[in-house]
Amino acid sequence: MPQTVLITLAFNLLPVGFAVLFGWSLLSLMLLYWAENVIVGLINVLKMIVAASNKGPTRITGLFLSVPFFIVHYGLFCAVHGVLILVLFNGEPTQTVNDPWDIPAVFWQQIHINAFFALNLLLLATFHLYRFVMEWLWTGVWRTTDPYVQMFMPYGRIIVVHIAVLVGGFLATFIGSPTIAVVILALLKTVLEVSAAQINLPQTALSKR
């Protein structure tokens, strides 16, 4: 199995272990995956800036428009989806969400309730930073990447993963067992991430030549 797939598998299975060992709620895992997409968006801003760095003054100047546009558009996309998660999966008595739009307060609550929430978030951030450095910078993919095209790259992932997470979340609620529900949701997301890593392998291999 290629190294990229193994790393993807390892980092996506970590939340499964924490969820089983420490009895995570479905809401906790949904919020963790939502936060992961925010991390992906922040790293995409770095990719846009780096990709424009060797494309001439026109593309560099264009960053003053494209980067703010992406931050606002992607940020609104994530905000609406975060609110949707808080409204639909706010079923835990110890995790009552009074204001679904107050996402920072919800995260602070998660850190207090779930001691390993922040640790898992840090691990996922490390995973995506690793891929950014080793699979995008080190291999030279950034040299042939158009910053305007890169601006839309995270949307395919976020739509597919979020649909799968929502569908899996709804299905998991009918099971009745919180632990089984969390494991099913985590495994479903892991399968999607590993499949995406396998699809991207040919591009990475070509960039190393």
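Helices (H or I, at least four residues) and strands (E, at least two) are taken as DSSP runs and numbered from the N terminus. The model is predicted: local features need pLDDT of at least 70, side-chain atom pairs count only at pLDDT 80 or more, and totals for chains, interfaces and linings use all residues. Residues are numbered from 1 along each chain as its sequence is written, and side-chain values use heavy atoms, with hydrogens and water left out.

The protein chain holds eight helices and zero strands. Along the sequence, the pattern reads α-α-α-α-α-α-α-α. The chain has 209 residues, of which 45% count as buried. Buried means under 20% relative accessible area, exposed means over 50%, and partly exposed lies in between (1.4 Å probe, protein chains only).

Helix α3 spans residues 57-88 and has 32 residues. From the first C-alpha of α3 to the last, the reach is 46 Å. This is close to the 46 Å expected at 1.5 Å a residue, where the expected span is 1.5 Å times one less than the number of residues. A bend of about 40° occurs in α3 at Leu-63. The bend at a residue is the angle between axes fitted to the seven residues ending there and the seven starting there.

A salt bridge requires a side-chain nitrogen of Lys or Arg within 4 Å of a carboxyl oxygen of Asp or Glu. By this rule, the count is one salt bridge. Arg-131 pairs with Glu-135, and their closest N and O atoms are 3.1 Å apart. Both residues lie in helix α5 (residues 117-137). Because they are four residues apart in that helix, about one helical turn separates Arg-131 and Glu-135. Arg-131 is buried, as is Glu-135.

Aromatic contacts were also examined. Rings of Phe, Tyr and Trp (its six-membered ring) pair if their centres lie within 6.5 Å; planes under 30 degrees apart count as stacked, over 60 as edge-to-face and the rest as tilted. The structure holds eight aromatic pairs. One of them joins Trp-34 and Phe-107 in a tilted arrangement, at 5.6 Å centre to centre with 45° between the planes. This pair links distant parts of the chain: Trp-34 sits in helix α2 (residues 26-52) and Phe-107 in helix α4 (residues 103-113), 73 residues apart. Trp-34 is buried, and Phe-107 is buried too. Phe-152 and Tyr-155 form a tilted pair, with 6.3 Å between centres and 40° between planes. Phe-152 counts as partly exposed because its relative accessibility is 47%. Tyr-155 has a relative accessible area of 11% and is therefore buried. Phe-152 and Tyr-155 belong to one aromatic cluster with Phe-70, Tyr-74 and Phe-77.

Trp-142 is placed in the loop between α5 and α6 (147-150). With a relative accessible area of 15%, Trp-142 is buried. Its C-alpha atom is separated by 9.9 Å from that of Phe-132, ten residues apart along the chain.

Phe-77 also contributes to a nonpolar surface patch, together with Ile-159, Ile-163 and Val-167. The patch covers about 330 Å². Patches are made of residues with over 30% relative accessible area and no salt bridge; like charges are joined within 9 Å, and nonpolar side chains (Val, Leu, Ile, Met, Phe, Trp, Tyr) within 5 Å. Accessible areas come from the Shrake-Rupley method with a 1.4 Å probe, and for residues only the protein chains shown count as cover. Helix α7 (residues 153-173) gives the most to the patch, with three residues. Ile-159 lies in this helix, α7. At a relative accessible area of 40%, Ile-159 is partly exposed. The C-alpha atoms of Ile-159 and Phe-77 are separated by 9.9 Å, although the two residues are 82 residues apart along the chain.
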